[in-house]
Amino acid sequence: MGNIFKILFKLICYVALIVPVYHITIYMIDYGPFYTALWLLACLVVGGFLKPLVDRLANRLFG
């Protein structure tokens with residue numbers, strides 16, 4: 001039962017992180033491909049740091 005809550009928690013966290021990135025990316029397209037690519041690269045770097053934190057938090061909360 002704990003695995004279901006762990007998966008749901010991760011899903012909610014990932015969606016909460018992806019939705020703002022998606023909306024800001026739509027606005028960044030107006031600034032051109034360079035700034036859009038720079039924004040997406042920054043999102044990948046930050047996401048690479050946040051994913052282990054979300055995983056660790058889920059494991060700590062739900063075993």
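Guide: A residue counts as buried under 20% relative accessible area, as exposed over 50%, and as partly exposed in between. Please keep in mind throughout that this is a predicted model.

Visitor: Is Phe-34 buried or exposed?
Guide: The cut-off for the exposed class is over 50% relative accessible area. Phe-34 has a relative accessible area of 57%, so the class that applies to Phe-34 is exposed.

Visitor: How are the rings of Phe-34 and Tyr-35 arranged, stacked or edge-to-face?
Guide: Rings pair if their centres lie within 6.5 Å, and planes over 60 degrees apart count as edge-to-face. The centres of the Phe-34 and Tyr-35 rings are 5.3 Å apart and their planes stand at 75°, so this pair is edge-to-face.

Visitor: How many residues apart are Phe-5 and Phe-62, and how do their rings sit?
Guide: The ring centres of Phe-5 and Phe-62 are 6.2 Å apart and the planes lie at 25°, so the pair is stacked. Phe-5 belongs to helix H1 and Phe-62 to helix H2, so that the pair links distant parts of the chain, with a separation of 57 residues.

Visitor: What are the relative accessible areas of Phe-5 and Phe-62?
Guide: Both values have to be read against the limits of 20% and 50%. Phe-5 is partly exposed at 41%, and Phe-62 also counts as partly exposed, with a relative accessibility of 32%.

Visitor: Turning to the whole chain, how many helices and strands does it have, and what is its radius of gyration?
Guide: The chain has 2 helices and 0 strands. The globule rule gives 11 Å for 63 residues, and the chain lies well over that, so it is more spread out than a compact globule, with a radius of gyration of 15 Å.

Visitor: What box do the C-alpha atoms fill, and what percentage of the residues is buried?
Guide: Taken along the principal axes, the C-alpha atoms fill a box of roughly 45 × 15 × 10 Å. Of the 63 residues in the chain, the buried ones make up 17%.

Visitor: Which helix gives the largest share of the lining of the largest pocket?
Guide: The largest pocket has a volume of about 260 Å³, and the elements that give two or more residues to its lining are helix H1 (2–28) and helix H2 (33–62). Among the lining residues are Tyr-14, Ile-18, Trp-39 and Leu-44. The largest share of the lining, 8 residues, comes from H2.

Visitor: How many nonpolar, polar and charged residues are in that lining?
Guide: Gly counts as polar in this classification, and the lining includes Gly-47 and Gly-48. By class, the lining of the largest pocket has no charged residues, 2 polar and 10 nonpolar.

Visitor: Is Leu-44 buried or exposed?
Guide: Leu-44 lies in helix H2 and is one of the residues that line the largest pocket. The relative accessible area of Leu-44 is 64%, so Leu-44 is exposed.

Definitions and conventions
Residues are numbered from 1 along each chain as its sequence is written. This is a predicted model: local features need pLDDT of at least 70, side-chain atom pairs count only at pLDDT 80 or more; totals for chains, interfaces and linings use all residues. Side-chain values use heavy atoms; hydrogens and water are left out. On a 1 Å grid over the protein atoms alone, a cavity is a set of points where a 1.4 Å probe fits but cannot get out, and a pocket is an open set with protein on both sides within 12 Å along at least five of seven lines; lining residues have an atom within 4 Å of a point. Grid points are joined across faces, edges and corners, and a volume is the space filled by probe spheres set on the points. Helices (H or I, at least four residues) and strands (E, at least two) are DSSP runs, numbered from the N terminus. The radius of gyration is taken over C-alpha atoms; the globule rule is 2.2 Å times the number of residues to the power 0.38. Buried means under 20% relative accessible area, exposed over 50%, partly exposed in between (1.4 Å probe, protein chains only). Rings of Phe, Tyr and Trp (its six-membered ring) pair if their centres lie within 6.5 Å; planes under 30 degrees apart count as stacked, over 60 as edge-to-face and the rest as tilted.
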